[in-house]
Amino acid sequence: MLQVPQVDFENSSLRSKGLWIAITLALWLGTTWVFWVGYMGCDDLFYARYAFWFDRPPISWWEFRIPMILAIRASFLAFGPSEIAACLPNLLASLAILASVAWFVDWPRRLNWQTQASVILACVIPLEAGGRSTPGSTHLAAGFLAVGTVCMLKGVGRTRYLGAPLLAISFLTHEVSFYCVAMICLVALAFDWRRFWGPVLACVAVSGCAFLAECLAYRVLLGDPLAQFRMAGNALGTMTVGIDLDTLGGHEAIGGWDFFAWPINNLFFCKSFGFDLIALLVTGIVAWKRLSTEQRVLFASTFLIWLWLGYGTMVPWTYRPLYRAFSYYEPLTLGIAALLPRTLRCAFARRERLAQGVVAVAILVHLACLAAGGRLGQAVDVSRELLAYAREHSDQTFLTDVATMNHMYVVGGFRFPANVVCLNGPAVDRHLLVNDLLGSGQQARLASISTAAFSAPQTSPAHSKTACFPGFLGIERYLLVNKEPPDRPRFHFPEVPIDNILLNHEQISGFHYFGLRFGLRPIPSKGWQEPDFSRYLEEHGAGRVRIAPVRYRLLFLPLIPLIGPKDFLVKNLGGEVVRVQR
């Protein structure tokens, strides 16, 4: 098992501490490189696109998360519109989480196996390791939240008050962070109000001022100070309690008993945290009397956040449980990494080797879960390979589906490839990412946030968050809402003869990201993404040549020579070029 070598940590020299710092940073870099995700092909496309252009007020769910947008835009301005630049804010947030864990456990000044294990856990927890390498507001919010929390709990003097603006920015970055900030502040006051009332009051004051400033900006730009919350309210108003429509990418939503059992199941084991949550809960209760006040605050707030995310409500006036999205749980990383080695040491006070062994197994489980990682971002990776092939064959014209074109548009620096087109029709008019960009005029901008603009006819309940989402193209009953104002022009591709078709199997097979993200059984469905494209492929497709190979999960590569390629081993299905028969 993986154990820290037996050295005299307490009396370690500066050179030894430098070595452990280098090992920790190398582990962080290694896990980032090996398990890099990049663009996933969902929310991140909207963040990146709006950050690149940033030429109008926000009009969609994602665009209102301004700190995330500004962070990506600053990175684009400094380094260009690359995938790495889009991920840079979250990479820095990950380092901030790592630094927060180190500060909380007093590493490396106080170097022992517990503190070293804490920073190693912070590097390898799967949810954090995956989230750091893709553009997403929940991870950036978790970074601000972690630093702000440790400032409040561990800071001295004025440092305690530095957490107030960081926690406020966390709330503005992603609205779910509001509940995390509230839990931390309430728990801190409950345990030691004399010590924490000042920082908590500062947090309330700064957050209130930030909220008012944001409302004033939206009043000036959009004529509605509560524009962001009306947008969210439009989504929440059509939610059905006990059913998570966000999981429909796998053709079946989490609902009924499974919806409410989901948090409990993941408490015991999940790919995002392994068995860390249940281990921390049990050992934390056993070791409660030996924990310091700040450790108790962090422990209690960690599980209150877990409880609220699982069974709380998004809004106070009615019960609207949160989506079953692991990304919401990223704030738990700080509590798990900072506390688990300590609670294990206290719970197994007379069996220190056993405590070390449990931590070592937890780290190995995390690495195994990362290596067994599924299809996050794989459709975009295939699109990138197809784009490279199209560029190498600039004398030919290619047809592809709209979702793959969205990927090409973003990874290509927000430019369409010169020789790749899509079939003009409903999919292009309603769901092509670039259609969020076109049009101008203050009247259109104001109309885009009006109630009418987000109340287009629907044939069945759906939330506006799914509108314009490239992965839901085949489920047309959820795609009748056009995110763009009605007076905005639509982009259309030129009508040109097609030589070949670029086929992204990962995108059109039906094995989509959302189904696997939530542990659902994905159901293959021929052409479910875009019927017009599927029909054209069937009528005109001839010979095929594979240009993007099928790839397999890292953990299972040694098994392929023994059992052969199996569906559950697949990481992505690759892509082909199909000759058009005229």
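Tutor: Helices (H or I, at least four residues) and strands (E, at least two) are DSSP runs, numbered from the N terminus. The model is predicted: local features need pLDDT of at least 70 and side-chain atom pairs count only at pLDDT 80 or more, whereas totals for chains, interfaces and linings use all residues. Residues are numbered from 1 along each chain as its sequence is written, and side-chain values use heavy atoms, with hydrogens and water left out.

Student: How many salt bridges does a search of the whole structure find?

Tutor: Side chains of opposite charge can pair when their charged atoms come close. A salt bridge here is a side-chain nitrogen of Lys or Arg within 4 Å of a carboxyl oxygen of Asp or Glu. Across the whole structure, the number of such pairs found is 14.

Student: Are Glu128 and Arg132 buried or exposed?

Tutor: The side chains of these two residues, Glu128 and Arg132, meet in a salt bridge at 2.6 Å, N to O. Buried means under 20% relative accessible area, exposed over 50%, and partly exposed in between (1.4 Å probe, protein chains only). Because Glu128 has a relative accessible area of 1% and Arg132 has a relative accessibility of 0%, both count as buried.

Student: Which helix holds both Asp381 and Arg384?

Tutor: Asp381 and Arg384 form a salt bridge through their side chains, at 2.9 Å, N to O. Asp381 is partly exposed at 22% relative accessibility, as is Arg384 at 29%. The two residues are three apart, which means about one helical turn, within residues 378-392 of helix H16.

Student: Which residue forms a salt bridge with Glu576?

Tutor: The closest N and O atoms of Glu576 and Arg544 are 3.3 Å apart. This pair links distant parts of the chain, 32 residues apart: Glu576 in strand S9 (residues 575-580) and Arg544 in strand S6 (residues 541-548).

Student: Which helices give two or more residues to the nonpolar patch?

Tutor: Patches consist of residues with over 30% relative accessible area and no salt bridge; like charges are joined within 9 Å, nonpolar side chains (Val, Leu, Ile, Met, Phe, Trp, Tyr) within 5 Å. Leu95, in helix H4, is partly exposed at 32%. Together, Ile21, Leu25, Leu92 and Leu95 form a surface patch with about 310 Å² of accessible area (Shrake-Rupley method, 1.4 Å probe; for residues, only the protein chains shown count as cover). The elements giving two or more residues to this patch are helix H1 (14-34) and helix H4 (83-105).
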